[in-house]
Amino acid sequence: MVRPIEAETVRLKAYRFQLQPELAQAASLFAWSHALRFLWNWMLAQRRDAFRASEGRVRVSYHHQAAQLPPMKAVFPWVGLVPSQALQQTLLQLDRAYVNFFEGRAKYPDFKRRSGAAPGIRWPQGVEINGRCVWLPKLGWVKARMSQRLEGIIKNATVRFDGLRWHVSIQVEQTVEVPAKRETPEIAIDLGVDESIAVSDGRFFRLPVASKAEERRHSTLCRRVSRCVVGSRRHARAKRRRLVFVRRIGNRVNDARHKITTTLAKNHGRIVGEDLALRRLTRSARGTVDVPGKNVALKARLNRALLGQGHAETVRQLAYKLSWCGGELTKVNPAFTSQTCPHCGHVCAQNRPTRDRFSCVACGHNSHADTLAARNILAAGQAVSARGGSREPAKREPTRLRRSLRLSAGIPAL
Ligand SMILES: [Zn+2]
């Protein structure tokens, strides 16, 4: 099939490969990531202290901190061993973390622990690849498992240790045709716990999340970790075993997720999904509302611990994959979509006698609860586009309780 070419556009794409550094290279990478963690913590403390001491009037800038790098290298010679650009990139990351905090997109940046996630080591230029290796300035050629052909101009590379292995993420700039708008069937998805994704056309997709047996195994592994002396070799070994186990499940889930989102994005022009931020307010731990069982909450917690459903990631993948093939993702407020009868419009919690059955108490309409929720989401999405495009769900009038809470919190009511 030949699609009409409208124009060309530039997009960024990241490829992630496992690195297989030599012993000496791995030693350098570990040393650098510890130095970068030190730099992050030092500069974060400096920003925090300056902000506090001036009661919020002084904000330390990136340039102010970058100017401190040369004297810092003189005092801590091991900081000078790190590629200079990686040091600057860490300061830029910190600066971005601050901007995100002040603009309300993120929480306050954290100090990084030795045992936690280290800042990635980023090279903003000078990265090259050949068939088997990645060239990283100051480190040299590093063996990598190049599982895909890279297309585009290399913009930067970030190297990270995930607790078991080193990975490199290479960002490239690709010039691609703007895909033509597609007129394929419109669907909606409902994201759940038992059936991970219920599609409005009656299909279900289930992510291979941790089984009962795997949950038991996970708690055994956790117990073993907690019974070791912290810092001992036995402790390190137990933690590693647990990480290998959790990572295997996570990889399995992520692989399945990619396959599902690719299939959906390739076959549909528009997908309507729930706005997850609003869902949290309206339908707390889904399932606990429907069936007030104890196991639901427990299972939800376990799922989260073992990289459970990860709905936000599913939505993120759908959004970018759809935009790459000319489709679009619409988000709607999911309030009451699992309780509304599509036949008579009756809204009632009793419409759901069990977790997966929907049976209207007013007209007797019967359906699978998740499919029905997806159909309601589809209807909501179509109503949004019929209204003329504004995809922001209508804001509800604040109730008296919420209004008074807002006032007591010192935030002026609108
Ligand atoms: Zn009904």
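Modeller: Happy to! This is a predicted model, in which local features need pLDDT of at least 70 and side-chain atom pairs count only at pLDDT 80 or more, while totals for chains, interfaces and linings use all residues. Residues are numbered from 1 along each chain as its sequence is written, and side-chain values use heavy atoms, with hydrogens and water left out.

Colleague: Which element gives the largest share of the lining of the largest pocket?
Modeller: A pocket here is an open set of points on a 1 Å grid over the protein atoms alone, where a 1.4 Å probe fits and protein lies on both sides within 12 Å along at least five of seven lines; lining residues have an atom within 4 Å of a point. Helices (H or I, at least four residues) and strands (E, at least two) are DSSP runs, numbered from the N terminus. At least two lining residues come from each of β1 (8-20), α7 (233-267) and α10 (311-324). The largest share, eight residues, belongs to α7.

Colleague: What is the volume of the second largest pocket, and where does that pocket lie?
Modeller: A volume is the space filled by probe spheres set on the grid points, which are joined across faces, edges and corners; for this pocket that gives about 820 Å³. Among its 26 lining residues, Arg114, Ser115, Gly116, Phe161 and Gly163 are the closest to its centre. Domain bounds come from an automatic or database domain assignment. Both domains give residues to the lining, so the second largest pocket lies between domain 1 (9-177) and domain 2 (187-407).

Colleague: Is Cys133 buried or exposed?
Modeller: Buried means under 20% relative accessible area, exposed over 50%, and partly exposed in between, using a 1.4 Å probe and protein chains only. Cys222, at 24% relative accessibility, therefore counts as partly exposed. Cys133 has 16%, so it counts as buried.

Colleague: How many residues of strand β8 are buried?
Modeller: In a regular strand the side chains alternate between the two faces of the sheet. On one side of β8 Ile187, Ile189 and Leu191 are buried, and on the other Ala188 and Asp190 are too. For β8 (residues 187-191), the buried count is five of five.

Colleague: Which residue in β9 is the bridge partner of Ile189?
Modeller: Two strands pair if DSSP finds at least two bridges between them. β8 and β9 (residues 197-199) run antiparallel, joined by three bridges, and form a hairpin with five residues between them. The partner of Ile189 in β9 is Val199.
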